[in-house]
Amino acid sequence: MGKAERLKKARPPVQKNTHDGRLPPGQTLTEKFPILHEGEVPEYNLATWDFTLFGEGATKKTFTYDELMQLPQTTIVKDIHCVTRWSRFDNAFTGVTIKDLLKDFEIPEGTKHVMIYGDHDYETNLPLEDLLKEDILLAHSFEGKPLTAKHGYPFRLVVPHLYFWKSVKWIRGIEFLQEDRPGFWERNGFHNYGEVFREERFSGEDLDIPEDEWHKKEFD
């Protein structure tokens with residue numbers, strides 16, 4: 001049974017406080033940072049680690065870890081929301097904004113979508129206009145400290161306005177696409193876009209997710 005099917009067995013939590021509309025529908029507020037991912041946590045040698053921008057019609061550009069760290073560094077403070085129904089307010093992530101990352105990269109004409117790649121063999125899709133929002137970050141630190149391995153060290157994507165499966169851990173590259181195609185979870189029952197305030201959790205029928213699913217995971 002796939003994850004999308006496992007997560008539809010219980011009613012969503014009843015929200016007693018939406019924090020003046022700041023907490024999206026169906027979410028529970030937590031001060032912890034749950035750890036959720038598929039597969040093993042990668043181990044890296046930063047001397048050989050790299051990150052690549054590529055796509056049809058693009059001139060491929062590869063960064064080393066040191067080259068990314070030498071780009072302008074930005075801290076954003078944003079709320080984050082997981083499809084498994086937890087939300088966490090005021091998270092400080094530090095890293096490189098996508099706009100700074102792409103400053104010297106020519107996006108191919110006709111690009112409308114991107115595919116984000118992470119280890120091991122993970123991928124998720126985004127509209128290009130979402131990737132280019134001001135607060136989209138290639139993050140290396142959380143709350144002033146380097147990301148832990150389980151939260152995506154050395155870099156993860158942060159896309160605050162979408163469910164957090166779009167914020168790819170262990171990111172390794174971005175492919176620029178003229179046509180959309182679904183990523184890993186999008187092929188396995190999750191919504192193609194994932195906007196949190198519209199509760200775009202699943203493709204197809206409206207499914208429930210157990211309110212206690214994320215309580216079963218590790219926390220930081």
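I took helices (H or I, at least four residues) and strands (E, at least two) as DSSP runs, numbered from the N terminus. I started from Asp-90, which is found in strand E6.

**Entry: ground rules**

I worked on a predicted model, where local features need pLDDT of at least 70, side-chain atom pairs count only at pLDDT 80 or more, and totals for chains, interfaces and linings use all residues. Residues are numbered from 1 along each chain as its sequence is written, and side-chain values use heavy atoms, with hydrogens and water left out.

I checked phi at Asp-90 and found a positive value of about 55°, although Asp-90 is not a glycine. For burial I used relative accessible area: buried is under 20%, exposed is over 50%, and partly exposed is in between (1.4 Å probe, protein chains only). Asp-90 comes out at 47% and counts as partly exposed.

I found another positive phi of about 55° at Glu-143, also not a glycine. Glu-143 is in the loop between E9 and E10. Its relative accessible area is 39%, so I logged Glu-143 as partly exposed.

Next I looked up cis peptide bonds. The bond from Tyr-153 to Pro-154 is cis, with omega near 10°. Pro-154 sits in the loop between strand E10 (145-146) and strand E11 (156-158). The bond from Asp-119 to His-120 is also cis, with omega near -15°. I placed His-120 in the loop between E7 and E8.

**Entry: strand E7 and its sheet**

Which strands pair with it? I counted a pair where DSSP finds at least two bridges between two strands. E7 and strand E8 (residues 122-127) run antiparallel and are joined by six bridges. E7 and E12 also pair in the antiparallel sense, over six bridges.

I then read off single partners. Met-115 has Asn-125 in E8 as its bridge partner. Gly-118 stands opposite Tyr-122 in E8. In E12, the bridge partner of Gly-118 is Ile-171.

E7 and E8 form a hairpin, with three residues between them. In the turn, Asp-121 has a positive phi of about 55°.

Is E7 enclosed or open to the outside? Five of the six residues of E7 (residues 113-118) are buried, so the strand is largely enclosed by the rest of the structure.

I picked out His-113, which has its place in E7. His-113 counts as buried, at 19% relative accessibility. I listed its contacts (heavy atoms within 4.5 Å). Leaving out residues up to four places away in sequence, His-113 touches Leu-126, Pro-127, Leu-128, Glu-175, Phe-176, Leu-177, Gln-178, Glu-179 and Asp-180.

**Entry: salt bridges**

Side chains of opposite charge can pair when their charged atoms come close. I used this rule: a side-chain nitrogen of Lys or Arg within 4 Å of a carboxyl oxygen of Asp or Glu. How many salt bridges does the rule give? The count comes to 13.

I looked at Asp-135 and Lys-78. Their closest N and O atoms are 3.2 Å apart, and they form a salt bridge. The pair links distant parts of the chain, 57 residues apart. Asp-135 is in the loop between helix H4 (128-131) and strand E9 (137-142), and Lys-78 is in strand E5 (residues 74-81). Asp-135 is buried, with a relative accessible area of 18%. Lys-78 is partly exposed at 30%.

Then I looked up Glu-199 and Arg-85, whose side chains meet in a salt bridge at 3.7 Å, N to O. Glu-199 lies in the loop between strand E12 (171-177) and strand E13 (218-219), and Arg-85 in the loop between E5 and strand E6 (86-97), so the pair ties together parts that are 114 residues apart in sequence. Glu-199 is partly exposed, at 32%. Arg-85 is buried, with a relative accessible area of 1%.

Glu-199 also meets Arg-201 in a salt bridge, at 3.0 Å, N to O. Arg-201 counts as buried, at 2% relative accessibility.
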